[in-house]
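Here are a few notes on the pockets and the nonpolar cores. Have the model open while you read.

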Amino acid sequence: MQCDPCSPGTYCAGGTAAPVDCADGAWDDDADPATTCVPWTDCVPGERIDTAGSSTTDRSCLKCTNGEHTASMNASSCSPGAWVLSYFGPHQDVPSDSLHLAYSTDGLHWSALADGQPAYQLTGMGTNHIRDPFLFRKNDGTYVYIATDWTLSVNDANYWNHPSSKIFVADSTDLITFTNPRLITLTNLPGPGATPMHAWAPEVYYDPDRKLYAIIWSGNDTTGANRIYVSYTEDFATILNPTPDVLFDPGYSVIDATITQWNDRNYLFFKDETDSSGGALTGSGKDIQIARSSTLALDPATFTRWSPDYITRGSTQSRRRATEGPFVIKDPRQSRWYLFADYYLNGGVFGCWSTTDLDADPGSWTELPSAQYSFPSGVRHANAVRVTQAELDAIIAHY
């Protein structure tokens, strides 16, 4: 008996069964009749569909340009975009240690929402203090809000006796209403002395290789040295690696990592937490450095710091600037990036540095005069998420 071969765009179980058409949303990626059809590529927020998929071709995506954005998976077109800034305040009370929001359409000039009052203030969870807020748009178009858990503490001095290995998490569809507040444990590893390891400054990124969300955070080991760890999750409820992986360890203490993705690789900006104690591996510390990886996968131990220089010191590397909590945005209209960092000794004052080449020497970034950018008063440890103009209009109307 002569069997007809399966035609492209069909699947024949075992290579011998009757052909079945690939389901809608799937395609025959290898022309092998014995393998199942695979889902089309998803265009994530910030991209639009370029070509639609079929049973024999994959869907292709294009990044939005000219300042535009998308807010959902597999959007057909981009629309004008803006940024929403998340931050906490300069005082050590609950209103300051809450989620505050601002917005910008140019990435340089930021206006407070809600007149600088909290957009979300925690109640009924310990002391209700949460810090280092970070907003991330998930692949389904909704948002997750994560932050450092400060709910065992009431101020800076008190925290050192009550560090937390948990992070705060809440959900939002619109950055107006926040639901399901919860704490999730990132690690049971010990910190120095008899205290737990702390979990500071968490941020979220999507790992396309693992198809998981990667939470990166700063943790201290039993010696007190900080490294950047990564914890993986599908749902922001369960951590898939209860013993966290070390994402980045340059051999000296580092905190406050933030990541920018460009040209299929990751760039990691971080604070050198040493205080003239890093030896030959680094400079005098307490300023912002950069490392990079070769792919978009957030794999442990794949980041390399190619220079000990500090972005925030420019051409005067011997002058400490005392910066932390960096965040980086790209101007979508041109190849230019802005790094903002918190002058942590100045009570809510930020500096700004710019480059057109992420691979340039860190000391070559240009510091912008303060007249060229502006923030609401008292901004601490900020970060920014892209939104569409329609989303921003709704947010402004609400607050």
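1. Starting with the second largest pocket: its lining splits into eight nonpolar, eight polar and 10 charged residues. (Nonpolar is Ala, Val, Leu, Ile, Met, Phe, Trp, Tyr, Cys and Pro; charged is Asp, Glu, Lys and Arg; the others, Gly among them, are polar.) Arg131, Trp150, Trp160, Trp200 and Glu324 are the closest to the centre, out of 26 lining residues.

2. Before going on: this is a predicted model, with local features needing pLDDT of at least 70 and side-chain atom pairs pLDDT 80 or more, while totals for chains, interfaces and linings use all residues. Numbering runs from 1 along each chain as its sequence is written, and side-chain values use heavy atoms, with hydrogens and water left out.

3. Val204 and Ile215 touch the most other members among its 35 residues.

4. What does Val204 touch, leaving out residues up to four places away in sequence? Phe134, Phe136, Val144, Ile146, Tyr213, Ala214, Ile215 and Phe236 are its contacts (heavy atoms within 4.5 Å).

5. Another core lies apart from the largest one. This second set has 23 residues, including Ala82, Leu135, Ala147 and Ile395.

How values were computed. On a 1 Å grid over the protein atoms alone, a cavity is a set of points where a 1.4 Å probe fits but cannot get out, and a pocket is an open set with protein on both sides within 12 Å along at least five of seven lines; lining residues have an atom within 4 Å of a point. A nonpolar core is a set of buried Ala, Val, Leu, Ile, Met, Phe, Trp, Tyr and Cys residues joined through side-chain atoms within 4.5 Å. Buried means under 20% relative accessible area, exposed over 50%, partly exposed in between (1.4 Å probe, protein chains only).
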